[in-house]
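Biologist: I have a structure open and would like to go through it. Can you put it up?

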Amino acid sequence: MSDPAPPLERRGERVTVTPGASPHEVRDPATRDEIRRAAVWLGMACAIALVVLLVQPLLIIFAGLVFAALLDGGVRLLGRVLPIGRGWRLLIVCLVTIAFLLGTFYLAGVQISEQVTQLRSTVETQAMRVTGWLSAQGLMPGASDLSGLSRQALSSVGRVTSWVGTAVGALTTLFMIMVIGLFVAMDPRVYDRGLQWMVPEADRPEFALTVNRMGRTLRRLLAGRLLGMAFEGVLTAIALWLVGVPMALILGILTGLLAFIPNIGAFISGALMVAVGFSAGAHVGVLAIIVYVVVQTFDGYVVIPMVAKRTVDLPPALTLGTQILASALFGILGLALADPMTAMVKTAMERRSERLDDDRDGAGDSA
């Protein structure tokens with residue numbers, strides 16, 4: 001090993017560099033190029049493996065960003081009427097949201113809890129009737145066979161433990177989503193600068209424009225979803241109450257919440273609505289079907305097109321296909337986040353197409 005070289009000064013700091021060639025140094029340019037290519041492919045393979053292994057944490061982070069966009073939309077909307085600091089507007093949005101949730105559950109808590117218990121027993125009774133009729137027709141195994149299969153499926157798993165674990169995991173996930181969203185909504189510029197810093201400097205303007213459009217699209221999508229959820233929930237509760245369907249309040253709340261997931265949410269809420277209606281009699285069940293058809297028709301042909309014109313217009317077949325794929329790959333969280341994913345990917349692809357068109361037009365003008 002050679003003697004140390006004199007200290008050098010770099011950016012105001014003095015460093016000592018050892019001279020001489022390294023035994024691991026590759027001097028052949030062709031070999032260095034091949035090593036670089038292999039390193040790139042190996043890095044891509046490792047990145048894909050990490051994404052597959054960490055898909056659930058990544059979904060939680062994405063859900064936190066969606067929640068941050070929801071809070072940011074409320075802050076921006078409030079800023080149009082209150083010229084105060086962003087922190088105060090965010091505090092107002094959070095307090096109003098908490099007050100609304102607490103007030104709703106406080107005023108209707110007893111009725112909702114009673115109706116939830118009644119709804120569960122009603123759905124179980126109706127399900128047993130349907131399975132009994134199907135078993136009598138020979139279309140599915142009998143009750144004894146089903147109970148045997150259930151015992152075999154649950155023999156190695158404690159039912160109470162699994163339900164408690166699921167509930168605790170869901171609450172923990174929800175808490176993490178809300179914390180991430182709140183931190184991002186407090187100062188989104190910090191995270192935006194961090195993302196831009198990791199992008200090559202020449203590509204930062206295009207990246208900033210794409211991210212800005214994606215954020216605006218996400219805010220508009222969530223605003224439209226909230227408006228549609230509120231309208232559908234209130235309309236369903238009022239219509240079911242007018243025709244005499246039991247548990248109209250809880251059915252309206254469930255319909256509004258499930259409206260966040262288009263297509264699939266409407267099917268689930270409709271099944272619950274019809275099951276509860278038929279538990280009160282055949283004529284009430286028919287009225288529940290009519291209410292479901294009328295509400296969904298009005299929502300599909302009037303409300304959704306009006307909201308889509310002012311927010312984000314996603315083709316129904318594309319939305320349903322994305323929901324099926326996301327639910328199969330990522331579970332219930334992927335199903336809930338399918339629409340935001342689709343909207344953001346659609347926005348990025350549209351911007352990519354605009355950029356290619358601009359480059360093509362620029363090349364044609366220069367020619």
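This is a predicted model: local features need pLDDT of at least 70, side-chain atom pairs count only at pLDDT 80 or more; totals for chains, interfaces and linings use all residues.

Biologist: What share of the contacts with a separation of 6 or more comes from residues 24 or more positions apart?

Modeller: Those residues account for 63% of such contacts.

Biologist: Let's turn to helix 2. What span should helix 2 have, and how far apart are its end C-alpha atoms?

Modeller: Helix 2 has 25 residues, so at 1.5 Å a residue it should span 36 Å. Its end C-alpha atoms are 36 Å apart, which agrees.

Biologist: Which residues of helix 2 are buried?

Modeller: Among them are Leu 59, Ile 60, Phe 62, Ala 63, Val 66, Ala 69 and Asp 72.

Biologist: At what angle do helix 2 and helix 7 pack?

Modeller: Helix 2, residues 55-79, and helix 7, residues 204-243, pack at about 80°, and their axes are 9 Å apart. An angle from 65 to 115 degrees counts as roughly perpendicular, so helix 2 and helix 7 are roughly perpendicular to each other.

Biologist: Which residues meet there, helix 2 with helix 7?

Modeller: From helix 2 there are Leu 65, Val 66, Ala 69, Leu 70, Asp 72, Gly 73 and Arg 76. They meet Leu 218, Arg 219, Leu 222 and Leu 226 of helix 7. By type, the residues of this contact are seven nonpolar, one polar and three charged.

Biologist: What about the span of helix 7?

Modeller: Helix 7 has 40 residues and, at 1.5 Å a residue, should span 58 Å. The end C-alpha atoms of helix 7 are 58 Å apart, so the two values agree.

Biologist: What comes just after helix 7?

Modeller: Gly 244 does, and it takes a positive phi of about 85°.

Biologist: New topic, then. Where is Leu 337 found?

Modeller: Leu 337 is in the loop between helix 12 and helix 13.

Biologist: Is Leu 337 buried or exposed?

Modeller: Leu 337 has a relative accessible area of 6%, so it is buried. The cut-off for buried is under 20%.

Biologist: Which residues is Leu 337 in contact with, leaving aside neighbours within four places in sequence?

Modeller: Leu 337 is in contact with Leu 59, Phe 62, Ala 63 and Val 66. Leu 59, Phe 62, Ala 63 and Val 66 are among the buried residues of helix 2. Leu 337 and Ile 60 are 277 residues apart in sequence, with 9.9 Å between their C-alpha atoms.

Biologist: What about Ala 336, where is its place?

Modeller: Ala 336 is in helix 12, residues 332-336. Its relative accessibility is 22%, so Ala 336 counts as partly exposed. Apart from neighbours within four places in sequence, Ala 336 is in contact with Phe 260 and Ile 261.

Biologist: And which residues does Ile 264 touch, not counting those up to four places away in sequence?

Modeller: Ile 264 touches Leu 320, Gln 323 and Leu 335. Ile 264 is found in helix 9, residues 264-279. Ile 264 and Leu 320 are 56 residues apart in sequence, and their C-alpha atoms are 7.9 Å apart.

Biologist: Is Ile 264 partly exposed or buried?

Modeller: Ile 264 is partly exposed, with a relative accessible area of 24%.

Note on methods
Residues are numbered from 1 along each chain as its sequence is written. Side-chain values use heavy atoms; hydrogens and water are left out. Axes are lines fitted to C-alpha atoms, for helices over the stretch in contact, and angles run from 0 to 180 degrees between N-to-C directions. Helices (H or I, at least four residues) and strands (E, at least two) are DSSP runs, numbered from the N terminus. Angles under 35 degrees count as roughly parallel, over 145 as roughly antiparallel, 65 to 115 as roughly perpendicular and the rest as oblique. Contact means heavy atoms within 4.5 Å. Ala, Val, Leu, Ile, Met, Phe, Trp, Tyr, Cys and Pro count as nonpolar, Asp, Glu, Lys and Arg as charged, and the others, Gly among them, as polar. The expected span of a helix is 1.5 Å times one less than its number of residues. Buried means under 20% relative accessible area, exposed over 50%, partly exposed in between (1.4 Å probe, protein chains only).
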